[in-house]
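Me: Could you walk me through this structure before I set anything up? I'd like to go chain by chain, with the definitions spelled out.

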Amino acid sequence: MDSKNFRIPSGCSICGIMNKKGRVFSGNDIIQSIALMHERSNGLGGGFAAYGIYPEYKNYYAFHLFYSDKNAKEETEHFLHQHFDVILGEKIPTRKIKSIKNPPLIWRYFLKPDSKRILLSDIEEENDYVFSCVMKINTYIKGAYVFSSGKNMGAFKGVGYPEDIGDFYRLDEYKGYIWTAHGRFPTNTPGWWGGAHPFTLLDWSVVHNGEISSYDTNRRFLEMYGYKCALQTDTEVITYTFDYLVRKQGLSLETAVKIVAPPFWSEIERLPKKEADFLRTLRYVYSSLLINGPFSIILGMSNGMLALNDRIKLRPLTAAVHGEFLYVASEESAIREICPQPHRVWAPKGGEPVIGFLEK
Amino acid sequence: MALSFKMPEFLIKRQVETCSKCLLCVKQCANKVHYYDEKNDSFLTADENCVGCHRCAVICPTRSIYILKYPLEFRRNAYWTEETIKQIYKQAESGGILLAGTGTDRDYPIYWDKILINASQVTNPSIDPLREPMELKTFLGRRPKAITVEGKEIKEEIPPKLELEVPIMFAAMSFGAISLNAVKSLAKAAQKKGTYYNTGEGGLHRDLYQYGSNTTVQVASGRFGVHPDYLNAGAAIEIKIGQGAKPGIGGHLPGEKVGEEVSKTRMIPLGSDAISPAPHHDIYSIEDLRQLIFSLKEATDYKKPVGVKIAAVHNIAAIASGIARAGADFIVIDGFRGGTGAAPQRTRDNVGIPIELALAAVDSRLRDESIRNEVSLVVSGGIRNSADVIKAIALGADAVYIGTAALIALGCHMCQKCYTGKCNWGIATQDPQLTKRLDPEIGAQRAANLIKAWKHEIKDMLGGMGINAIESLRGNRLMLRGIGLTDTELKILGIKAAGE
Amino acid sequence: MAVSINYKGLNFRQAGELLKKAAADGEKQINLFNVNGQRYIAAGLKGNFFINIHGTPGNDLAAYMDGPEIFVMGNAQDGCCNTMNSGRVIINGSVGDIAGYAMRGGELFIKGNAGYRTGIHMKEYGDTVPVLVIGGRTGDFLGEYMAGGIIIVLGLGMEPCDEIVGNFCGTGMHGGVMYIRGKINPHKLGKEVKSVEMEEKDYILLEKYLKQFCAYFNESLHIIEESSFQKIVPFNKRPYGNLYTPH
């Protein structure tokens with residue numbers, strides 16, 4: 001897994017589906033939707049995030065891991081047993097697919113953090129403990145990579161076209177209330193499974209189309225606060241940015257959006273003073289977290305889904321609603337493929353988020 | 001009197017056929033190089049007085065004056081160079097410390113020129129700055145560690161900050177070291193371009209109070225002209241600990257330069273030497289710096305950001321970290337190429353380190369300590385053009401100061417004789433006959449033009465990198481690559497080699 | 001005689017071959033059914049025939065097209081009429097971003113809204129003048145770099161919170177003309193353009209294209225006739241003449 005050291009720019013397709021009532025549905029729709037945008041990827045990366053898929057283990061952290069070899073697995077499992085009660089550890093079920101070659105060892109674990117260890121450490125919150133464990137495995141255990149670590153959710157990704165990856169992981173057999181997907185068009189060929197999207201941390205998952213020109217500014221800021229950008233990919237910093245702003249800084253998702261894709265100063269100056277002051281301060285304090293360059297992203301969370309474009313809309317994004325469903329995709333046709341006549345279809349403006357929260 | 005070994009540096013030639021004998025050269029040269037012999041209707045030159053400032057050549061209406069290197073060949077010697085030999089002659093004659101003006105002219109590596117900038121191709125569109133928004137607005141100040149939002153209100157009080165329309169400010173140059181017209185030019189230009197100039201340690205002349213909102217007032221060891229009105233007149237306060245051209249030593253404005261206006265502004269007697277001690281005598285340690293920072297904040301009601309300027313020296317990273325923790329809102333690091341009106345030449349040429357390395361080391365250290373976001377970083381000391389600005393920001397600076405470049409915009413020709421007080425361009429002088437040559441309106445326009453041109457160039461390069469807000473360049477070292485650098489230098493700069 | 005092609009399940013290459021064959025066979029009306037996401041429909045096609053599209057054509061619809069007329073019963077995606085030379089495209093719906101990019105001639109009529117950078121770098125040359133009519137509203141950077149041609153924005157069917165054009169409208173524009181219905185806030189305009197008085201010839205030109213628009217989409221000309229328009233033109237052909245200093 002030496003490719004951890006390379007940064008690979010890539011173009012892509014993304015889509016997401018959410019049932020606002022929290023009703024679960026199989027992975028077939030998302031596979032069909034992303035498959036329509038086959039042209040936007042090149043077979044070098046595909047992946048999915050699904051929420052609500054592990055109801056029987058919903059109180060445990062579900063870790064998905066890639067291992068390059070048995071040693072990495074042994075070392076990681078030793079680490080996991082030290083830091084967690086391992087409720088279950090198993091191979092993630094896969095199908096043999098002709099086009100999917102040389103997969104790593106793919107395992108999942110349902111984990112309960114060791115509360116005594118948390119007490120002994122200087123970490124107060126359970127999530128921070130899990131976060132630091134993920135960072136440790138990904139940074140220090142050679143050949144091991146945690147690619148999913150949330151509760152009742154999971155990422156499934158690899159090298160291949162997304163529809164084949166979906167087939168490989170048997171996603172038709174899972175049921176979730178939010179699904180996001182990604183088809184990747186990387187500009188070189190690392191052949192490393194960890195490089196595919198989504199990028200996740202705890203309950204967050206991000207699929208992303210575009211390349212971030214502020215990458216190193218964002219990365220070097222986040223690394224001051226314990227994030228280790230082991231993968232050197234743009235998308236990883238987006239995931240960490242939201243984790244930092246929302247979970248660690250306690251800001252709302254809407255406020256976080258105003259930080260990563262803030263209005264231009266010229267727009268801010270035109271706003272009423274109170275709002276202008278608010279936005280000015282956000283831009284000032286978190287200027288290093290402005291995400292610059294072209295992007296459209298879909299952020300998955302346990303309680304909803306957010307889609308967002310960069311401020312000058314350099315990547316495509318279409319949204320639609322139909323009944324209980326919210327759809328977002330790089331292309332309108334990807335939505336119509338699974339929902340031919342949505343009630344409403346629209347193109348969100350740059351920097352204007354599409355946010356869907358589960359109705360409680 | 002013993003024979004002097006000093007020989008001229010320049011040879012003046014006059015093309016007699018075209019010379020109109022307007023005598024402008026004779027009238028304008030403060031160094032008394034040109035003489036007109038009325039009896040013989042011919043010109044004489046005192047070559048040994050020429051400093052190479054070009055004034056006569058530039059104003060000559062018929063382009064009849066040539067300034068050449070004086071033809072005096074020394075036997076080739078790679079070790080005992082002409083320069084070395086001449087310096088020994090001078091010191092043997094005078095017994096004095098060699099004095100020099102402007103930043104060091106020695107052939108040290110210029111790291112700016114060994115750093116290359118990135119641009120987008122295919123995977124990321126470059127942004128067209130002429131047609132799409134391109135934001136250079138920059139703030140300098142202390143950022144809170146975290147904020148709490150309630151509704152659309154932020155609970156924490158945000159400390160005072162400077163707002164710059166472009167990440168370039170005019171560096172500290174005192175009234176005294178430079179003329180009032182030069183200071184006025186920079187003040188007006190700062191106002192036009194939405195940035196700041198810096199008073200240096202020379203106090204604030206009454207004519208300059210109107211530019212207060214574009215002024216940073218400096219507090220240095222001499223405390224010249226420091227009083228409550230002064231402190232409150234500017235938008236920010238800068239404590240000057242040291243300067244890149246002469247780290248570790250103080251300053252000395254000779255009594256000859258302390259005329260009536262300088263005397264009033266500095267609040268010292270007419271004609272007396274203005275001596276700035278090497279250290280602040282209320283700062284012998286880092287906790288004392290905190291005391292000075294907070295005394296200034298108290299005196300200005302916590303309404304102005306307070307910064308600290310230091311020279312780039314070996315242990316700069318640790319020092320900067322200490323300054324951040326002492327409560328400074330911004331830190332200014334002045335590299336060893338920083339300019340000066342007068343500095344001992346040995347110090348100017350041998351003490352300190354390059355700003356590129358100092359900046360990279362400081363930015364990295366502040367990040368290692370997780371405090372980079374809480375303090376702003378300004379660098380100075382040899383910023384020559386907009387590419388240097390881009391590179392400085394990508395290495396980690398929030399903004400830069402330009403001093404020498406600004407003076408060149410006003411007309412400085414880099415003769416390096418600022419300390420003589422005979423600046424023919426009306427910049428580094430207090431002689432009214434000379435200072436009137438610099439019209440502050442024209443000076444302001446030239447300095448403003450320079451900023452305007454650099455601003456366009458910065459936008460062009462930012463757009464090329466696919467970035468449309470300057471804050472996304474700050475510390476973005478992946479946008480830089482090194483060329484012809486050793487592994488150690490690359491490591492300190494935190495950049496990869498070209499091709500990597 | 002009309003010919004039909006079922007696009008269901010076809011990729012763009014397969015579909016494109018069928019369409020090109022029909023065109024080469026001299027078909028005058030070609031109906032495409034179950035279109036969804038196939039790119040490059042009619043890209044580079046020349047001739048004088050009609051294509052009827054049912055569904056959502058993919059990116060680069062009618063790119064480089066030179067002659068045919070297309071009617072889309074639905075929305076189109078990004079890059080519609082990219083670098084089109086001549087012909088006509090009528091969208092009975094909305095379009096994505098960069099519609100009409102570098103369009104050199106022909107007409108694009110959109111019933112609904114258009115996305116970002118609509119009409120970017122449209123240009124005219126000799127007698128060919130591209131025309132872009134948008135029934136609804138547009139995103140930011142309308143007519144960016146525009147070097148020629150005509151853009152008309154009608155703002156029909158807008159919600160009260162909507163604005164007819166986005167920010168940076170006409171930024172970098174140095175040729176051509178835009179007509180925008182109603183009043184637009186000056187801050188929406190790029191620094192290279194100005195709003196000028198409408199003249200008689202402008203009304204004549206507008207009427208011609210608006211009649212076409214109303215005919216295609218069954219709109220009443222009255223709504224449009226009773227409105228005022230703002231005419232946007234560039235200050236000059238060389239907005240950046242003073243930007244550079246010789247080395």
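Reply: In chain C, the centres of domain 1 and domain 2, taken over C-alpha atoms, are separated by 26 Å, with domain bounds that come from an automatic or database domain assignment. This is a predicted model, in which local features need pLDDT of at least 70, side-chain atom pairs count only at pLDDT 80 or more, and totals for chains, interfaces and linings use all residues. Residues are numbered from 1 along each chain as its sequence is written, while chains are lettered from A and ligands numbered from 1 in the order in which they are written.

Me: Which residues belong to those two domains of chain C?

Reply: The assignment for chain C gives 1-93 as domain 1 and 114-238 as domain 2.

Me: And what pLDDT does chain C average?

Reply: The average for chain C is 94, and 100% of the residues score at least 70, where pLDDT is the predictor's confidence in each residue, from 0 to 100. For the model, the scores are ipTM 0.92 and pTM 0.93.

Me: How is chain B divided?

Reply: Chain B has domain 1 at 10-100 and domain 2 at 138-497, and the C-alpha centres of these two domains of chain B lie 34 Å apart. Between them, 13 residues of domain 1 are in contact with 16 residues of domain 2, contact being counted when the C-beta atoms of two residues, placed from the backbone, lie within 7 Å.

Me: What classes of residue does domain 1 of chain B bring to that contact?

Reply: The side of domain 1 of chain B that touches domain 2 of chain B has eight nonpolar, four polar and one charged residues; here Ala, Val, Leu, Ile, Met, Phe, Trp, Tyr, Cys and Pro count as nonpolar, Asp, Glu, Lys and Arg as charged, and the others, Gly among them, as polar.

Me: Switching to chains A and B, how many residues does each give to the contact?

Reply: Chain A gives 34 residues and chain B gives 35 residues. On the side of chain A that touches chain B, the elements giving two or more residues are α6 (215-222), α9 (265-270) and α10 (273-285) of chain A, and α10(A) supplies the largest share, six residues. Helices (H or I, at least four residues) and strands (E, at least two) are DSSP runs, numbered from the N terminus.

Me: What about chain C against chain B?

Reply: There, eight residues of chain C are in contact with six residues of chain B.

Me: Back to chain A: how many helices and strands does it have?

Reply: Chain A has 11 helices and 18 strands, and its C-alpha trace spans about 60 × 50 × 45 Å along the principal axes. Buried residues make up 60% of its 360 residues, where buried is 20 or more other C-beta atoms within 10 Å of a residue's own, exposed is 12 or fewer, and partly exposed is in between, with C-beta atoms placed from the backbone.

Me: Is helix α7 of chain A largely enclosed or exposed?

Reply: It is largely enclosed by the rest of the structure, because 12 of the 15 residues of α7(A) are buried, among them A:Thr235, A:Ile238 and A:Phe242. The cover over these buried residues includes β11 (199-201), β12 (204-210) and α8 (253-260) of chain A.

Me: And is B:Glu260 buried or exposed?

Reply: B:Glu260 is exposed, with 10 other C-beta atoms within 10 Å, and its place is in helix α6 (residues 260-266) of chain B.
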